[in-house]
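Reader: Please show me how to read this model, feature by feature.
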Number of protein chains: 2
Amino acid sequence: MEGTPTSRAERRRRTEERILSAARAIFAERGFQRTTIRAVAAAAEVDPALVMQYFGSKQDLFERAVRIPSIPPLDGELEPVEELLGRIGMKMGPLPQATLAMMRSMLTHPDAAEEVRGKLDGQVAQLADAIGSDEAELRAALMVSTMLGVTIAHQLLGLTALRDASPERIAEALRPSLRALADG
Amino acid sequence: MEGTPTSRAERRRRTEERILSAARAIFAERGFQRTTIRAVAAAAEVDPALVMQYFGSKQDLFERAVRIPSIPPLDGELEPVEELLGRIGMKMGPLPQATLAMMRSMLTHPDAAEEVRGKLDGQVAQLADAIGSDEAELRAALMVSTMLGVTIAHQLLGLTALRDASPERIAEALRPSLRALADG
DNA sequence: CATTTCGCTCAACATTCGTTGACTCAACGA
DNA sequence: TCGTTGAGTCAACGAATGTTGAGCGAAATG
């Protein structure tokens, strides 16, 4: 019907997205080291060489694939605690694959570690600025660390007590704790 | 002086310990995948083949090296919250290498993940039993997750806000948060 | 239609790594 | 002293992996 179903630019775009999607999924599931170009290629139904041709190297593929849709800054309309709690899943669905891939790799891939540390440091700065009482930076860091720990335990490790808890219940139970940190 | 400084049993014991020590250090620094038998052998000043001869396989070496000096059960003499806080560094020094190695690997090595999940589930059960009010298990899981997150952010990621904070300050700032979770 | 462009595949290379088997040499027991 | 044991080394294999270059065939271009 509409134009050639397979123009060159279109094919290229689609294959590239197929590779990126497959890469995100596998990076998220296995982390950087254990993800092989061959596995990504197979999942994308493509030759391994093509992945290299498109992205240059495994490292570059990783960077392109897990480029996190940068954490939106606190918009200040909500209270910081609620803003944070919202992020545990009340408003947004499950974490994007890119984020999971990044988290999965952050303990064993130096670049991922650096990236995550930077992102978290940014969040800490914002939060500290928002709550701004005594020892704000330390307490903000603990709030962020708490979110990190809960997310890891819930999404990556699958603690049995958290596995079947709904994000809402988790957020609810977590609220007093975060508030205690925010208020001081 | 005392016997031959190099009896057979003695030499064996020492070399084995030297390998295990090197393995712990490198596993803790790089995680399971990125740790090579060759690197461990080099650090222990030994031939790679000897490592295999002693421990059979990389996986076996890992299991032997990171066998955590099993987390002591809550002894019930202290309040659970204080007990947990104590573990962040007030009483004990820095975490043992074995624990760090386990944590470093838990997101990318299925066996390590399984092990850690088991250990944490155990802690959750104990804590839930100790605090035992409404939704105890969920809240206990969140307490454990918080400790996990803070430890990761502090020891493995090195969040700048936490890097130079003393364990005492961290524990102090964290107390109200954990208490909020424990009391409900 | 002829020619060029380029998405894509095939086969291979170089390296790294876990693992193995033959061998060396000092400690040990008779 | 002599044969045995066992700690430790050396060289190599086999598999996996990131990466590369030549080539094929269809789409674009004139």
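Reader: What should I know about the model and its numbering?

Author: This is a predicted model, in which local features need pLDDT of at least 70, side-chain atom pairs count only at pLDDT 80 or more, and totals for chains, interfaces and linings use all residues. Residues are numbered from 1 along each chain as its sequence is written, while chains are lettered from A and ligands numbered from 1 in the order in which they are written.

Reader: How many residues of chain B are in contact with chain A?

Author: 43 residues of chain B are in contact with 43 residues of chain A. Contact means that the C-beta atoms of two residues, placed from the backbone, lie within 7 Å.

Reader: Which helix of chain B gives the most to that side?

Author: α8(B) does, with 15 residues. Helices are DSSP runs (H or I, at least four residues), numbered from the N terminus. α1 (8-34), α7 (110-131), α8 (136-157), α9 (160-163) and α10 (167-183) of chain B each supply at least two residues. By class, this side has 25 nonpolar, nine polar and nine charged residues. Ala, Val, Leu, Ile, Met, Phe, Trp, Tyr, Cys and Pro count as nonpolar, Asp, Glu, Lys and Arg as charged, and the others, Gly among them, as polar.

Reader: Which residues are closest to DNA strand C?

Author: A residue is near a strand if its C-beta atom, placed from the backbone, lies within 6 Å of it. 21 residues surround DNA strand C, and the closest are A:D47, A:A49, B:T36, B:A49 and B:S57. α1(A) gives the largest share of this surface, four residues.

Reader: And which are closest to DNA strand D?

Author: A:A49, A:S57, B:T15, B:D47 and B:A49, out of 21 residues that surround DNA strand D. The largest share of that surface, four residues, comes from α1(B).

Reader: At what angle do α6(B) and α7(B) cross?

Author: Two packed helices are described by the angle between their axes and the distance between the axes. The axes of α6 (residues 97-105) of chain B and α7(B) cross at roughly 115 degrees and come within 8 Å. Axes are lines fitted to C-alpha atoms, for helices over the stretch in contact, and angles run from 0 to 180 degrees between N-to-C directions. B:M102, B:M103 and B:S105 of α6(B) meet B:A112, B:E115 and B:V116 of α7(B) in this contact.

Reader: What is phi of A:E45 and of B:E135?

Author: Most residues other than glycine have a negative phi. Phi of A:E45 is near 55 degrees, a positive value. A:E45 lies in the loop between α2 and α3 of chain A. Phi of B:E135 is also near 55 degrees, and B:E135 lies in the loop between α7 and α8 of chain B.
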